[in-house]
Amino acid sequence: MLKTFTTGGVHPNENKITASSAIERVAAPATVSIPVSQHIGAPSEILVKRGDQVMAGELIAKSGGFVSANIHSSVSGMVTKIEDIPSVSGYTQKAVTIKREGDIWDESIDTSDILIKEISLSPSEIIKRVGEAGIVGLGGATFPSHVKLSPPPGKVCEILLINGVECEPFLTGDHRIMVEKGEEVLTGITILMKALGVTKAVIGIENNKPDAIKRMIELSKNYAGIEVQPLKVKYPQGGEKQLIKAITQREVPSGKLPVEVGAVVHNVGTAYAVYEAVQKKKPLIERVVTVTGPTIKKPGNYLVRIGTSVEDLIEVAGGLPDDVVKVVSGGPMMGKALPKLNTPVAKGMSGLLLLPQEITSRKESQNCIKCAKCVSACPMGLSPYLLMTVSQKELFERAIEEDIMDCIECGSCSFTCPSSRPLLDYIRFGKAEAGNILRSKK
Amino acid sequence: MSKLLVSHSPHVHSGDSVNKNMYGVIIALLPALAASFWFFGIGALVVTLTSVATCLLAEYIISKYILKQKPSITDGSAAVTGLLLAFNLPSNFPVALIIIGAIVAIGMGKMSFGGLGQNPFNPALVGRVFLLISYPVQMTSWPEPVASRGSYIDASTGATPLAIMKEGLASGSSYSEIVAQIPSYKELFLGVSGGSAGEVAAIALLLGFGYMLWKKIISWHIPVAVIGSTAIFTGVLHAVDPTANATPLFHILSGGLMLGAIFMATDYSSSPMAIKGMWIYGIGIGVITVTIRTWGAYPEGISFAILIMNAFVPLIDKYIKPKRFGEKVVE
């Protein structure tokens, strides 16, 4: 029985060009630039200075608060610069630049491929290790994982949901991790279950990945309490609230955390990183990035060191095709368009899309014809056409009354609008202003 | 490549457009158009051509010379209004009056409010009701189906099934006598009955409905609410007194109910945005239609019903919100 969420949703073309491309390890680049703000929360505090020698896996910036994350060097070599570089959002951010010398890993890290299923750490030791390893949500949200493993006092987590949905078109990294690293993912899930003290976990996978579903069902028989739930293909099913609704039929109340309905959600890629951190003592210094686009030479799922420049990664994938006008970090629905290519690969970069004009150009915006397609598409049950209008008119109090803060910015409204109206652009603006108003009232 | 394009997400679009939707409606209207030509022949052709041409011309002139905007006639919406107006007229309707109706539909019903997406009332219905009130004689003379194929103004005419029913009941004829005079359900379903050019063939209209659902041009809620509430209301009346009230099936298949429910009530800008609002609006149309048909002065009431409910749409949209995600917690 395929499940799905019930409110709204759209069906973008899937374009999973790299669905059958095995994960390919990219050689460590000559230099890396590692930003100190790769996660939601406070920036990390830099521990190294120019001229320092570091090993791959060595801590170079420590967590700057409870909601923050450690950052490690992804190569061995010498710190050459600590400077401001362009971030994915187009702002500048501090980054540590390391010139690689050889490829020497911190000796505590087990770099072998041997599967270790036995979990020796206690729940609190697991949370500590996950925090030390600098793991953040790898689906793109980059929320520090150890925080998610520590539910607020008074809240009880009953079920762990694992997000294997990968509902964004083009992206296939999680898909490949499930197919190729199934045992590791399942061990990672078992570790997360132990840390949260739950006995049940469900992996949600959309049925456009039949090989991943088959593999995970087969392997999960040997792991207690883990089930696989195939899901109908519908965007944005990978949204935390949508996934919880699809699998458990529970709706996370407006403004609340998933644990309110007893659920905690982690991504497949995060589960794999947790496995590596806990069983192999390997911090988060590399990740799978789907480099793809309809016209690139070597699209693929690349295992890349954090801090590798986007430019270098594009070279690995065969260079930038002439017709590409936009480079997106993440998926086409929620990803960010990069203003410059000398941006480094960060922990949250699930994909790198090289899009030609005909796919990504926006048509001229026309009058709203009140077709109500945005209302039907909104997975949060909002009225995007109205939120756009009130944001445009700067009626932010009204926007709050219309629940603008519930918007998850999935882009289904703009995607679906026959008049090509920039709905989400204005809603984002209205949401930011409404957020300021709400914070000033507190 | 020198510069990268930077914009907010989403970076892809469904490819849906205003034109696709409007031309989709025109495609959905083709079966009914074919049926109108089949039953009313040359008259239907004259009425349709005059109406569509006048609507396009009126929109062009008003947008170019009065509003001084880029003329929008290629988006298909003026053609939709023209077709729908023609569908709502008898096939022997004089050309001069069609032109007046089309100008009223586009000028008063649509452009005076700012054009596509801004009209609070269905433009074609504004035109139709204007004509009905101004030219009641011409608007209630109905050519016989099939028999009047070769003729236009001089077509032989008869009454519509709804008029036969209404007058029969008012004059005290027995129900069975009336039923003997009206077409059978099968004839009503296929369109062998008197009426406006495009409203008679239920099957053709249903084909168009299916097409619009398949292409996701409209959702099913409004047509189902209109037809469903009509069926339930007339069903209750018929159950209370079968000798004084026609059956639900008769009400659904005759007159402009199908045309109104599927193509007129679903006009984007004059119908509600939220599903719950669509139900209220659709049920309102059904109830008012049956009320006019049963107790009103006119045998048919769907046009008035839709216009009356159009007027409530801003109020419905203000108070009826879509169901928010996460409103209720399932414990």
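This is a predicted model: local features need pLDDT of at least 70, side-chain atom pairs count only at pLDDT 80 or more; totals for chains, interfaces and linings use all residues.
**A briefing on chains A and B**

In chain B, Thr157 belongs to strand β2, which covers residues 157-158.

**The surroundings of B:Thr157**

- Beyond its neighbours within four places in sequence, B:Thr157 has contacts with B:Asn92, B:Ser141, B:Trp142, B:Pro143 and B:Glu144.
- B:Pro90 is 67 residues away from B:Thr157 along the chain, and the C-alpha atoms of the two are 9.9 Å apart.

**Two packed helices in chain B**

- Helix α10 (residues 221-240) and helix α12 (residues 257-264) of chain B pack with their axes 8 Å apart and at an angle of about 155°.
- Angles over 145 degrees count as roughly antiparallel, and α10(B) and α12(B) are therefore described in that way.
- The crossing of α10(B) past α12(B) is right-handed.
- On the side of α10(B), the residues in contact are B:Ile222, B:Pro223, B:Val226, B:Ile227 and B:Thr230, and they meet B:Leu257, B:Met258, B:Ala261 and B:Ile262 of α12(B).
- Eight of the residues in this contact between α10(B) and α12(B) are nonpolar, one is polar and none is charged.

**The open sheet in chain A**

- In chain A, four strands make up an open sheet with antiparallel pairing, and their order is β2-β8-β7-β4.
- The edges of this sheet are β2 (31-35) and β4 (53-54) of chain A, each of which pairs on one side only.
- Strand β4(A) is joined by two bridges to the antiparallel strand β7 (residues 77-86) of chain A, where A:Met78 stands opposite A:Gln53.

How values were computed:
Residues are numbered from 1 along each chain as its sequence is written. Chains are lettered from A and ligands numbered from 1 in the order in which they are written. Side-chain values use heavy atoms; hydrogens and water are left out. Two strands pair if DSSP finds at least two bridges between them. Contact means heavy atoms within 4.5 Å. Axes are lines fitted to C-alpha atoms, for helices over the stretch in contact, and angles run from 0 to 180 degrees between N-to-C directions. Angles under 35 degrees count as roughly parallel, over 145 as roughly antiparallel, 65 to 115 as roughly perpendicular and the rest as oblique. A crossing is left-handed if the near helix is turned anticlockwise from the far one by less than a right angle, and right-handed if clockwise. Ala, Val, Leu, Ile, Met, Phe, Trp, Tyr, Cys and Pro count as nonpolar, Asp, Glu, Lys and Arg as charged, and the others, Gly among them, as polar.
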